[in-house]
Amino acid sequence: MKRFPLVAALAAVLLPAVPSAAEPIKVGALVAVTGPAAFLGAPEARTLEMLVQEVNAKGGVGGRPIQLVLKDTGASPEKAVSFARQLIEEDKVFAIIGPSTSGESLAVKKLAEDGQTLLLSMAAAEAIVTPVLPWVFKVAPKDSFAVEVIFHQMKKMGISRIGLLTSNTGFGKGGKEQVERLAAEHGITLGVNEVYDKAATDLTAEVTKLKQANVQAVLNWSIEPAQSIVVKNVRQLGLTIPIFQSHGFANPQYAKAAGPAAEGVIFPASRIVVADALAAGNPQKPVVDAYRKAYEARYKEEVSTFGGHAWDAFGILVKALELAGPDRARVRGAVEGLKGYVGTAGVFNFSPTDHTGLSIDAFELCTVKNGHFVPLGG
């Protein structure tokens with residue numbers, strides 16, 4: 001065969017490199033597998049690992065396998081920043097899923113934006129996507145929507161004076177700001193407004209203030225095990241008032257940790273935690289059933305809202321890759337233009353001005369009944 005070495009050499013210089021069909025698409029994950037937010041991060045990590053294996057077993061995306069580069073942040077914003085920089089600058093990941101918590105997400109979002117690396121946060125604080133940054137999205141519903149759902153229920157119950165307890169985290173701070181902003185509009189007065197340390201193991205002092213202030217209900221806003229301690233301390237001091245929690249309570253492990261004291265706790269959550277109660281025609285039912293069946297069969301534990309966030313983030317990324325191909329800018333645009341994507345958290349409709357994509361209808365108001373999550377009134 002006749003060879004043309006000069007032509008071949010020029011082609012190597014002038015033509016763009018064509019990736020091998022087997023070259024993986026690297027996806028970074030910043031997940032709090034350990035530490036105070038492990039009830040969030042551990043199911044998220046397991047969900048991502050399960051999904052990557054499933055996708056790769058089917059040939060990957062566009063013939064290319066997904067390579068998951070997972071970093072355990074321990075819910076530390078400092079670690080999240082260090083790992084995010086490593087994922088972007090050294091690992092050259094295509095996109096990042098996470099972090100698990102709001103504080104971490106707020107700390108890393110500028111790194112993702114500067115590095116033009118798609119970030120799909122699994123945290124709730126609205127400040128993550130407000131103001132909108134082109135490369136930063138999140139898949140958890142807005143915390144202001146959670147506040148409004150809770151306040152609507154309080155009004156139905158004739159509650160107007162409450163005690164607010166929040167943890168000193170990004171999630172707690174974001175919730176506190178939204179509660180304070182929306183309270184007067186909904187006829188709610190804050191008789192107590194206390195911030196506690198995220199690592200607290202006893203909150204008797206804070207709960208005593210609730211008792212002294214004679215509030216009609218308590219609203220706790222946190223994601224750490226401390227939210228189970230709040231519930232136990234309230235009941236231990238003999239308070240029988242309603243207990244409301246944020247959507248950070250939506251892992252069955254928190255109810256188990258609080259034990260019998262959790263009975264009757266009211267909180268907003270994604271419908272995944274009450275999947276059995278969904279009507280057959282609900283568009284989310286096939287999605288939440290598929291996730292629950294796969295996850296619970298594999299890991300022998302109940303699904304949570306937080307694992308669902310990982311399911312949604314990964315699914316959105318895969319859908320955008322299928323629509324746009326493995327081009328960073330085009331995939332970012334595909335996410336921003338995604339409409340009617342049914343996930344475990346709701347139906348996503350992103351836009352250039354909305355990088356959350358979920359409406360207030362994403363929330364179902366739930367309660368604890370006999371140790372299990374059920375729709376309120378269900």
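Predicted model: local features only at pLDDT ≥ 70, side-chain atom pairs only at ≥ 80, totals over all residues.

Visitor: What radius of gyration does the protein chain have, against that of a compact globule?

Guide: The C-alpha atoms fill a box of roughly 95 × 40 × 35 Å along the principal axes. For 378 residues, a compact globule would have a radius of gyration near 21 Å. The protein chain agrees with this, having 22 Å.

Visitor: What percentage of the residues count as buried?

Guide: The protein chain has 12 helices and 14 strands. Among contacts between residues at least 6 apart in sequence, 68% join residues at least 24 apart. A residue counts as buried when its relative accessible area is under 20%. Of the 378 residues, the share that counts as buried is 54%.

Visitor: Which element gives the most to the lining of the largest pocket?

Guide: The largest pocket has a volume of about 340 Å³, and 14 residues line it, with Val55, Phe314, Gly315, Val318 and Glu322 nearest its centre. Two or more lining residues come from each of helix H2 (38-57), helix H11 (305-324) and strand E11 (341-342). The element that gives the most, with six residues, is H11.

Visitor: How many residues of the lining of the largest pocket are nonpolar, polar and charged?

Guide: Glu322, a charged residue, is among those nearest the centre of this pocket. By class, the whole lining comprises two polar, four charged and eight nonpolar residues.

Visitor: Which element gives the most to the lining of the second largest pocket?

Guide: This pocket holds about 250 Å³ of space. Its lining has 17 residues, and those nearest the centre are Val273, Val274, Arg292, Glu302 and Phe373. Helix H9 (252-258), helix H10 (285-299) and strand E14 (372-375) are the elements that give two or more residues to the lining. With four residues, the one that gives the most is E14.

Visitor: Which residues does the cis peptide bond with omega of about 0° join, where one partner is Pro99?

Guide: Pro99 is found in the loop between strand E3 (95-97) and helix H4 (102-114). The cis bond joins Pro99 to Gly98.

Visitor: Where does Pro131 lie?

Guide: The peptide bond from Thr130 to Pro131 is cis, with omega near 0°. Pro131 lies in the loop between strand E4 (118-121) and strand E5 (136-138).

Visitor: Is Asn214 buried or exposed?

Guide: Asn214 has a positive phi of about 55° although it is not a glycine, and it is found in the loop between helix H7 (204-213) and strand E8 (217-221). Its relative accessibility is 63%. The cut-off is over 50%, so Asn214 counts as exposed.

Notes
Residues numbered from 1 in each chain as written. Heavy atoms only, no water. 1 Å grid on protein atoms, 1.4 Å probe; cavity = no way out; pocket = protein on both sides within 12 Å on 5 of 7 lines; lining within 4 Å. Points joined across faces, edges and corners; volume = space filled by probe spheres on them. Rg over C-alpha atoms; globule rule 2.2 N^0.38 Å. Buried < 20%, exposed > 50% of the residue type's maximum accessible area, 1.4 Å probe, protein only. Contact = heavy atoms within 4.5 Å.
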